[in-house]
Amino acid sequence: MHKSLFVLLGVILLIAMTVGPATTQTPSTRPELSGTLNLLCTPQIVWCEGMKAEFQKVYPKVTVEFVRLSSAEALTRLRNEKANPQFDIWWGGPIDAFIAAKAEGLLEPYNSSNLANPLDPKLMQDPDNYWAGIYVGSLGFASNKPFLEKHKLQPPQSWDDLLNPAFKGRLVMAHPSSSGTAYTALITVLQLKGEDKGWDYWKQFHANVWQYTKSGAAPAQHVGQGEAAVGVVFSHDIVAQIEQGRPIALSFAKEGMGWEIGGMAIIKGAKRADLAKAWFDWALEPATQELGPKYTAYQAPTVKSAKASRPELLQVKLIDYNFDYAGKNKKAFIDKFTNDIAATRK
């Protein structure tokens, strides 16, 4: 998707209330359902817990059991359980993981009536209806304000600023093998610089790294606690830490930031496909997508009539992120980062 088109998305989100009505089921039209829905949930656990509670309000006879795993962990789990799926639906995480899952035969297509709701169907849903987009977010840099003040530094304004020797042993990012956030960052630099220069960049970045975390949001917590100087994190996760009073400065790279569409999909062989479809439909309703801030999740919605809580997070320069490139090369690039970058001595 071209940068100019995605910038317009921020405007679209602001005026979404004026767009034609979205498809929404009312209590009287919802099917009577009962049983246990097994949910594979990738966003932060507080949002997973919140969505579980909200869905059970809508379907009081349904119990939601969920496991929270990062996108890379979730994909591995689905691969390992392909012959005997333990989950009914996967909710959240960058769509490059869903593209990979589709290619590996791990997902089930579903032509939900609420697929009429996405703001940009070409971008926000699979052409064969294997997955749908449920939120949008951009990467950002989280910087510890006391560290910046002590060393008389400005918040990073470029990807190359992270290579500053002043940050040696003070950078934090998740590992792409476990985190969709980090994989988005990896792909962003490879696209901006080309693969040869991009991989060289990550070698230099690695020399400044204090720690690779398991969770994509964890770097913002480490920065807020003063354990690291700068972290690469999705901007909505940085905002969540700022809202808690952490001394963090949020900044963006002038050459452009990578971004995500968070996806969801029904698992092939789901034991309760009926409950999975009910969750899928519900997650594409405007009211559902406006629940995020209630559970410290500030991603932008993907459907008509849903209001963005932090539209300013999309008013940054965004790269022409290639989701197919990211999805098709996921295993190879993660293996290369793991073996050629992260495994080397700093």
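A: A residue is called buried when its relative accessible area is under 20%. By that rule, 57% of the 346 residues in the protein chain are buried. Please note that this is a predicted model.

Q: How many helices and strands are there in the protein chain?

A: The protein chain has 14 helices and ten strands.

Q: What share of the contacts comes from residues 24 or more positions apart?

A: Among contacts with a separation of 6 or more, such residues account for 78%.

Q: Let us turn to the core. Which residues of the largest nonpolar core touch the most other members?

A: They are W90, W159, L162, M173, W202 and F205, out of 68 residues in that core. Helix α7, residues 180-193, gives the most to this core, with seven residues.

Q: What does F205 touch, leaving out residues up to four places away in sequence?

A: With those left out, F205 touches L162, L163, L171, M173, Y212 and V232.

Q: Which residues does the second core include?

A: The second core is separate and has 35 residues, including L33, W47, F55 and I266.

Q: Now G263. Where is it found, and is it buried or exposed?

A: G263 is found in strand β10, which covers residues 259-267. G263 counts as buried because its relative accessibility is 0%, and the cut-off for buried is under 20%.

Q: What does G263 touch, again without residues up to four places away in sequence?

A: The contacts of G263 are W90, W91, G92, G93, I95, F98, A132, G133 and I134. As for D96, it lies 167 residues from G263 in sequence, and the two are 8.9 Å apart in space, C-alpha to C-alpha.

Q: Changing topic: how many cavities of 30 Å³ or more are there?

A: The count comes to two cavities. The largest cavity has a volume of about 110 Å³. It is lined by 15 residues, and W47, W91, I134, T288 and Q289 are the closest to its centre.

Q: Which elements give two or more residues to that lining?

A: They are α2 (45-58), β5 (132-144) and α12 (286-289). By class, the lining of the largest cavity has eleven nonpolar, four polar and no charged residues. Of the residues closest to the centre of this cavity, W47 is also included in the second core, whereas W91 and I134 are also touched by G263.

Q: What about the second largest cavity: how much space lies in it, and what lines it?

A: The second largest cavity holds about 30 Å³ of space. Its lining is made up of V136, G137, S138, S235, H236, Y298, Q299, A300, R310, L313 and L314. Strand β5 gives the largest share of this lining, three residues. The lining of the second largest cavity has five nonpolar, five polar and one charged residues.

Q: And the pockets? What is the volume of the largest pocket, and which residues lie nearest its centre?

A: About 390 Å³ of space lies in the largest pocket. Its lining has 31 residues, with P43, Q44, R68, A217 and D237 nearest the centre. Helix α10 supplies the largest share of this lining, four residues. At least two residues each come from α2, β3 (89-94), α7, α9 (218-224) and α10.

Q: How does that lining divide by class?

A: The lining of the largest pocket has twelve nonpolar, 16 polar and three charged residues.

Q: Finally, what can you say about the second largest pocket?

A: The second largest pocket contains about 260 Å³ of space. Of its 14 lining residues, the closest to the centre are I99, P127, W131, F323 and D324. Two or more lining residues come from each of α4 (95-103), α5 (121-124) and α13 (323-328), and the largest share, four residues, comes from α4. The lining of the second largest pocket divides into nine nonpolar, one polar and four charged residues.

Technical notes: Residues are numbered from 1 along each chain as its sequence is written. This is a predicted model: local features need pLDDT of at least 70, side-chain atom pairs count only at pLDDT 80 or more; totals for chains, interfaces and linings use all residues. Side-chain values use heavy atoms; hydrogens and water are left out. A nonpolar core is a set of buried Ala, Val, Leu, Ile, Met, Phe, Trp, Tyr and Cys residues joined through side-chain atoms within 4.5 Å. Buried means under 20% relative accessible area, exposed over 50%, partly exposed in between (1.4 Å probe, protein chains only). Contact means heavy atoms within 4.5 Å. On a 1 Å grid over the protein atoms alone, a cavity is a set of points where a 1.4 Å probe fits but cannot get out, and a pocket is an open set with protein on both sides within 12 Å along at least five of seven lines; lining residues have an atom within 4 Å of a point. Grid points are joined across faces, edges and corners, and a volume is the space filled by probe spheres set on the points. Ala, Val, Leu, Ile, Met, Phe, Trp, Tyr, Cys and Pro count as nonpolar, Asp, Glu, Lys and Arg as charged, and the others, Gly among them, as polar.
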